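This report describes the strand pairing, nonpolar clusters and selected loop residues of the protein shown below.

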Amino acid sequence: MDAYLVVLVLSVLILLGAFYVNTVEQRMVKIKDELLKHRNEIENGKKELKSTRTALTEVKVELESTRKELNQVHVELESKNNVLKQVKEELKSTKEQNNLLGKEMIETDKISRVEVDQNRADVNGLREELNEIKKGMDHHDEEFSAFAASLTASKSLGVGELVKFDKVWTNVKKDYDPITGVYTAPTSGVYQFSCTVMTSSGGVLRVFLWKNDAKTVAVYPGQMGYNTGTLNMVLELNKGDKIYIKQGETEEKSIYSDPTGNHCFFSGYLIRMITSK
């Protein structure tokens, strides 16, 4: 019986020892895990501390750079303050000069007013003269006359036939009549006239510039075909005088032109009006 108890006690002690050992091992594992966790946390803390130190170093560098920039700004601000002082002094000097100029301008203005009054009187006189001149010019413009017309086709001209330049390019005041070929002077004055004609392929041609019932000058292109001749004449006309171009040969003659070339033309204009003779 005693032996059984001893065995039982020993068995209990062994079980308790095994349980204790297992418990101790679990606690050791747990402690190791905690130590490892703390070690990792310490390592992470060291890394964060190192990163913080690096960031702190960068901040110090930036702070030093900022201090230098502030010093530079301070220097520039001081320079601008000096410039501002100089500008204020110049402004003060300018104001003094302006005051002097103002006084001079007042004196000059008094003198100028007298001159302006005199000039105004002169200008009024000139304006009256200009108005008189303008009235004369306006009257001249109202009477101004000019024309230009060309022949659009070839034709045979009878003896003494009047040349009717049928294509009108310019006809101020409508003083040229393309149906009759006659230009009528709208006012007394000095006029310029011009005429160009071309011969046909095988004939000769002679035309005259007529004033009313009198010949003035002739244009004679020559013997060979497709030759041109031009006349220019300045005439003093009375209001109502007739000017025209007339064939001057003793037999029928041909004149050459076409609608695209307009080789033959007649033109004239008023150079200057004559109000009294």
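## Pairing of strand β1

Ala148 stands opposite Ser267 in β12, and in β3 the bridge partner of Ala148 is Thr170. A further bridge to β12 joins Ala146 and Tyr269. Here strands are DSSP runs (E, at least two residues) and helices are runs of H or I of at least four residues, both numbered from the N terminus; two strands pair if DSSP finds at least two bridges between them.

Strand β1 (residues 146–150) has antiparallel partners in β3, over five bridges, and in β12 (residues 265–273), also over five bridges. Four of the five residues of β1 are buried, so this strand is largely enclosed by the rest of the structure. Buried means under 20% relative accessible area, exposed over 50%, and partly exposed in between, with a 1.4 Å probe and protein chains only.

## Basis of the model

The model is predicted: local features need pLDDT of at least 70 and side-chain atom pairs count only at pLDDT 80 or more, whereas totals for chains, interfaces and linings use all residues. Residues are numbered from 1 along each chain as its sequence is written, and side-chain values use heavy atoms, with hydrogens and water left out.

## Overall composition and sheet

The secondary structure comes to one helix and twelve strands, running from the N terminus as α-β-β-β-β-β-β-β-β-β-β-β-β. Of the 277 residues, 23% count as buried.

An open, antiparallel sheet of five strands has the order β3-β1-β12-β6-β9. Its edge strands are β3 and β9 (228–237), each of which pairs on one side only. Neighbouring strands of this sheet are turned by 10° against each other on average, direction ignored; the axes are lines fitted to C-alpha atoms, for helices over the stretch in contact, and angles run from 0 to 180 degrees between N-to-C directions.

## Nonpolar cores

The largest nonpolar core has 28 residues, and those with the most contacts inside it are Phe165, Phe193, Val197, Leu209, Ile243, Ile245 and Phe266. Two or more residues each come from β1, β6 (189–198), β7, β9, β10 (242–247) and β12. Strand β6 gives the most, with five residues. A second, separate core of five residues includes Val182, Phe208, Trp210 and Tyr244. A nonpolar core is a set of buried Ala, Val, Leu, Ile, Met, Phe, Trp, Tyr and Cys residues joined through side-chain atoms within 4.5 Å.

## Nonpolar surface patch

Tyr4, Leu5, Val6, Leu8, Val9, Leu10, Val12, Leu13, Ile14 and Leu16 make a nonpolar surface patch of about 950 Å². One of these residues, Leu13, lies in helix α1 (residues 2–143).

Patches are made of residues with over 30% relative accessible area and no salt bridge; like charges are joined within 9 Å and nonpolar side chains (Val, Leu, Ile, Met, Phe, Trp, Tyr) within 5 Å. A salt bridge is a side-chain nitrogen of Lys or Arg within 4 Å of a carboxyl oxygen of Asp or Glu. Accessible areas come from the Shrake-Rupley method with a 1.4 Å probe, and for residues only the protein chains shown count as cover.

## Loop residues with positive phi

Lys174, although not a glycine, has a positive phi of about 60°. Lys174 is found in the loop between β3 (167–172) and β4 (176–177) and counts as exposed, at 66% relative accessibility.

Asn212, likewise not a glycine, has a positive phi of about 55°. The loop that holds Asn212 runs between β7 (207–211) and β8 (214–219). With a relative accessible area of 27%, Asn212 is partly exposed.
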